[in-house]
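Reader: I would like to learn how to read a few features of a model, taking helix packing as the opening topic. Please give the general idea before each case.

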Amino acid sequence: MAAGAAMFRPRIASAASHIDWWTHARFGMFIHWGVHTIIARDIWNMDHEEIPPAEYKELGKKFKPPPGGPRAWAKLARQAGQKYMVLTTKNHDGYCLFDTKTTDFCATKQACGRDLASEFVEAARAEGLKVGFYFSMMDWYHPDGLRCVADEAARRRFVPYIHEQVREICSNYGKIDIMWWDGTWPLSPEGWEAEKIEKEVMRLQPGIVINDRGGTKGHFSTSEQKIEPAGEGRPWETCMTINGSWGYVAADDNWKSSKTVIGNMITSARGGGNFLLNISPRADASVPEASVRVLEEIGRWMNKHGDAIYGSERCRVSRSNYVNFTRRGNTLFLHVTRWPGPVITLARFTSKVKSARWLATGEPVAFEQARQEDPREPAIGFPLYRVKFTGLPETNAGMLPVIAAEFEAEPVQDLKYPRWQKK
Ligand code: GLC
């Protein structure tokens, strides 16, 4: 085999691992919720306006969501094709949605009077979804939360407080599938005693999948508001908002279209990553209608095209200005973003197409393929193919229609064409 071809050898599947369900799932729901929804200007409002904790605490008296919210979110998530849900059990503002012995600034001891983490877990499980807990280590409400940077005595009070909360959420809610850390500012990993608490989490929740925002590497990398694949072989996830805010912001009307959101999920899946899409329920747990609409449209698309997302693997095909791609095994999924007319042409494949069909209906798609010349010297030593999918409709065949093309080997485009190599 020529040297150039070696890099296209299919990789041997590795042994099953505890994160396999997560990498297969590809699509989840992120929920930012808490007392900040009363102000309706996001969690960060507390920081930006420097609201003193004693004043912020008043929100605990006003936050009284009626029961049933998490059930509605979980239903929406399942219908959208999401496989897991991640709830902010505590964001940076320090309000705990879970019951805790460590503070009275929690749902059970404030006006709400119920354990919202527990309602969330039950709701997710009832819809067959995996359960994720977001937990912010950074805590603006605790008096030592900032002091701990320069004052060792404060750090020694504060870190056990945080660790105890982590122990509580890992002990009192049955099986938790994901630990989604956030906010390690202002301490270093050593300051947080991050390795110690991570071990504790894994002891209390064997098999849990952990992100990389707790001062350790965890099991997967996170990419926030942009799509940035991690290195080869490393699981990763994009988290993104539907408008521009994590927590509920009444005045944020900067909604992404369903097509944009689905496009972001496709691009994440193309890089072999998950897509965690945020909703920001209001104080009464209702989800803004614009978000509901987007999730419902995604659900309709996923019903027909979910096969192109679940279990997708890192894809080494990217060259087209009107098609996006995902891949599973030797099957390439063509997501047509800008309809080109009756023919879709793609070039520089290192193996041949065996069959092609519309993913939604299974109807075959006609195609023809021919060897391509490659002027490289010495000769590259493997054939290249240019493929035309033909007989397609003249105009758009719906939102992001998908063609599944099965190749003889892993579909790869060889992009080392000399025209693009700058000497
Ligand atoms: C940032 C924000 C935080 C939000 C998170 C979601 O870290 O500070 O409020 O929960 O992003 O990824």
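Author: The crossing of α7 and α8 is right-handed. A crossing counts as right-handed if the near helix is turned clockwise from the far one by less than a right angle, and as left-handed if anticlockwise. Helices are DSSP runs of H or I with at least four residues, strands are runs of E with at least two, and both are numbered from the N terminus. This is a predicted model, in which local features need pLDDT of at least 70 and side-chain atom pairs count only at pLDDT 80 or more, while totals for chains, interfaces and linings use all residues. Residues are numbered from 1 along each chain as its sequence is written, and side-chain values use heavy atoms, with hydrogens and water left out.

Reader: At what angle do the axes of α7 and α8 cross?

Author: Two packed helices are described by the angle between their axes and the distance between the axes. Here α7 (residues 69–80) and α8 (residues 116–126) cross at roughly 30°, and their axes come within 8 Å. Axes are lines fitted to C-alpha atoms, for helices over the stretch in contact, and angles run from 0 to 180 degrees between N-to-C directions.

Reader: Which residues of α7 and α8 meet?

Author: From α7 come P70, R71, W73 and A74; from α8 come E119, F120, A123, A124 and A126. Contact means heavy atoms within 4.5 Å. By class, this contact has seven nonpolar, no polar and two charged residues. Ala, Val, Leu, Ile, Met, Phe, Trp, Tyr, Cys and Pro count as nonpolar, Asp, Glu, Lys and Arg as charged, and the others, Gly among them, as polar.

Reader: How does α7 pack with α14?

Author: The angle between α7 and α14 (residues 289–305) is about 35°, with the axes 7 Å apart. L76, Q79 and A80 in α7 meet residues of α14 including V292, L295 and M302.

Reader: What should I look for in the backbone?

Author: Most residues other than glycine have a negative phi, and most peptide bonds are trans. A40 has a positive phi, near 65°, and lies in the loop between α3 (36–39) and α4 (45–48). W185 and P186 are joined by a cis peptide bond with omega about 10°. P186 is in the loop between β4 (178–182) and α11 (189–192).
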